[in-house]
Amino acid sequence: MIEVRNLWKNYGDKVVLEGINARVEEGEFITLVGASGCGKSTFLKMLLGTETPSRGQLLMDGQAIKAEPDRDRGIVFQQYSVFPHMTVLDNVIAAEGFKQPGFTGLLWGKKRREARKKAQVLLEKVGLSASAQLYPHQLSGGMRQRLAIAQALLGKPRILLLDEPFGALDPGIRKDMHELVLDLWRTEKLTVFMVTHDLEEGFYLGTRLWVFDKLRQDPQAPDAYGAGITYDLPVGQPDPKELETIEENLKGSTHD
Amino acid sequence: MKRLLNQQPSTAGRMLLSSLPFLVLLLIYLVASDLRLEANPSDKLLPSFTQMGEAIQRMAFEPNRRTGEYLFWVDTFSSLQRLLLGVLIAASFGLLIGLLTGALPLVGASFSPVLTVISLIPPLALLPVLFIVFGLGEVAKVALIAIGITPFIARDMQKRTLEIPREQLIKAQTLGGNTSQVLIRVLLPQLTPRLLDAVRLSLGTGWLFLIAAEAIASTEGLGYRIFLVRRYMSMDVILPYVAWITFLAFLLDWLLVSVNRKLFPWHGHGGGA
C-alpha cells in the first residue's frame, strides 16, 4: 500500500532523513520511535502531505502521495486536533459537514439531523455522550484525544496517522487510550502509523516497530548525516530482551 | 505582617481602594472650584456642579431657542452614528483583509507589504484629502474613522489568523474540508471574538478621529459642540460633555466585553488543546 523508495529529507545543509526504504501493507500498525529530532515526525508529515521528500519517492498504491492533506489520511496530533469553538457534538457534526462539497460545509435540515444522529452514535461508542454539550477546554486531556480520534475516523481515512497522541496524558489514561486505538484499528481495519516517545508503548501497540536513528555520525558535522530506520521489527510477540537492546542503543545515541 | 508583595485587599477593601482616587479627584476639583468662584463669581474655568447641572439642563432637557432641538441628544446621536458606522465599516474590511491575508499565503504575499505601508500613513494627514474628495458632509467623517482604524484591525486580524494552530486547518482538510469551508467553519468563528477585542482597542482611536473631524467641519456632534463653546470658554458645557463621552466610551467597551463573554464562552482558553 505504502512504498518508500530511497527517501531523503534535508533542510538546507541539515540532513534529517537519509536512504529510507520500506514497504507497508494494508492493515499494518506501525509505531515509529526514536530520539527527539531524529526525523520520525518529519516522516509522518511527509505521509500527511505537509512536508515533501527532498529526494526519493513516497508512494501510495503506486502513486506519489499527495502533497497536501486529504481524506485518505486522518491525523491526530498531540494537541490542537479538535476545534475549540465547537461543542463535542458540533465537532463531530462539523466533520460530517467537511465531507460535503460546497462552500460553507454547513449542514441543514435532513442532512443535519442525520449527521447529528450519527454523531451521537459515535460519541456513545467512544464514551463521550455525557460530554456532548461541553467545549473542548472543559474536557480532560484524555477525553479531548478521544474526541480527536473519533473525529479523525469519521473521515473514513485509509491511513490513520498519530503524532505522539498520548504524550501529554497520565499513564492510567494512556492505558485506556491504547485499548481504544487497538479496538478501532481492529474494527475499522485501518493502517496506522504512530509516532511515540515511549518505546514500551511502541512495543505494546501495533504489529511493527520502526526505530529511527543515525546510521553514521560525524562529530565534526552533526548535521551531515540523517537518520534512517535502524530496526524494523515485527512486534506481535514482544521479546523483552530486544526491547532492552534497543533502549540502550537509543540512550547511547548522542544527537539531540 | 506579610510582605507588601503578598498583601491582598479584601472585597470591601478593594472597593474602597478603587473608589478612593475618584473621591480625591472630586474633592480637589470641588475645593479648587470653590476657591476660584469665591474670588471671582463670574470665573469660567472651574464651574461649580450647580452651574454644570444648569448647563446640561439647558442642553439636554430644553429645546434650543433657535432650532427647537434638544442639542445634547442630537449631538450624542449624530456622533454615535458616525462612530459606529465608521467602526462597523472598519471591522468588516479589517476582518476580511486580515482573514484572507492570514489564511491564504498567495493573498498574504501580495497584500501584506502594502498593508504595512498604508498603516503607517497618519490618517489625520489624509483628512483634507477626504474633505476634498467627499465634501464636508457625513461621508468624509465616517471615512476618516474607517480609514483610521481599518489598517490596525486588518493587521491584528491577520496576526490572530496566523496564531490559530495549523493543526486545526490540517485536521479539517483530512476530514475533506476545502479552502472556503476551512475559512468559514474553522477560522472565521474563531476570529469573531478576537475581532471584538480589536474593535475595543480601536474605539479610543475612533473617538479621536471622530472629534477631530467634527471639530473641523460639522454642524452638530459632541466634538463639534465642545469646540464651538470653547469660543465662549463655556467650561460648564465642555466638562459634562467630556464626562459624557468618557461614559459612552466606557459603555461601548463594557458592551463588547459582555457580548464576547456571552456569545463565545470558549474564547480565551488557549485554543483548547
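**Chains A and B: what the interface looks like**

Put together, chain A and chain B bury about 2,900 Å² between them, and 67% of that sits on carbon and sulfur atoms. Three residues, Y80(A), H85(A) and F98(A), supply 27% of the area that chain A buries against chain B, more than any other three residues. Keep in mind that this is a predicted model.

**Who touches whom**

- Chain A brings 37 residues to the contact, and chain B brings 27 residues.
- Eleven residue pairs are in polar contact between chain A and chain B, counting pairs with both residues at pLDDT 80 or more.
- On the side of chain A that touches chain B, the elements giving two or more residues are β6 (73–76), α2 (88–99) and α4 (141–154) of chain A.
- α2(A) gives the most to that side, with five residues.
- Sort the residues on that side of chain A by type and you get 19 nonpolar, 13 polar and five charged.

**Salt bridges**

- Look for salt bridges across the interface of chain A and chain B and you'll find zero.
- Over all chains, though, the whole structure has 29 salt bridges.
- One of these joins the side chains of E3(A) and R23(A), at 3.4 Å from N to O.
- That pair links distant parts of the chain, with E3(A) in strand β1 (residues 2–11) of chain A and R23(A) in strand β2 (residues 14–24) of chain A, 20 residues apart.

**A nonpolar patch on chain B**

- Over on chain B, a nonpolar patch lies on the surface, made up of L17(B), L20(B), L23(B), V24(B), L26(B), I28(B), L30(B) and F49(B).
- Together these residues have about 730 Å² of accessible area.
- Helix α1 (residues 11–39) of chain B provides the largest share of the patch, seven residues.
- L30(B), for one, has its place in helix α1 of chain B.

Terms used: Residues are numbered from 1 along each chain as its sequence is written. Chains are lettered from A and ligands numbered from 1 in the order in which they are written. This is a predicted model: local features need pLDDT of at least 70, side-chain atom pairs count only at pLDDT 80 or more; totals for chains, interfaces and linings use all residues. Side-chain values use heavy atoms; hydrogens and water are left out. Contact means heavy atoms within 4.5 Å. Buried area is the accessible area (1.4 Å probe) that two parts lose on being put together, summed over both. A salt bridge is a side-chain nitrogen of Lys or Arg within 4 Å of a carboxyl oxygen of Asp or Glu. A polar contact is a pair of N or O atoms within 3.5 Å; within protein, one must be able to donate a hydrogen and the other to accept it, and residues adjacent in sequence count only if both atoms are side-chain atoms. Helices (H or I, at least four residues) and strands (E, at least two) are DSSP runs, numbered from the N terminus. Ala, Val, Leu, Ile, Met, Phe, Trp, Tyr, Cys and Pro count as nonpolar, Asp, Glu, Lys and Arg as charged, and the others, Gly among them, as polar. Patches are made of residues with over 30% relative accessible area and no salt bridge: like charges are joined within 9 Å, nonpolar side chains (Val, Leu, Ile, Met, Phe, Trp, Tyr) within 5 Å. Accessible areas come from the Shrake-Rupley method with a 1.4 Å probe; for residues, only the protein chains shown count as cover.
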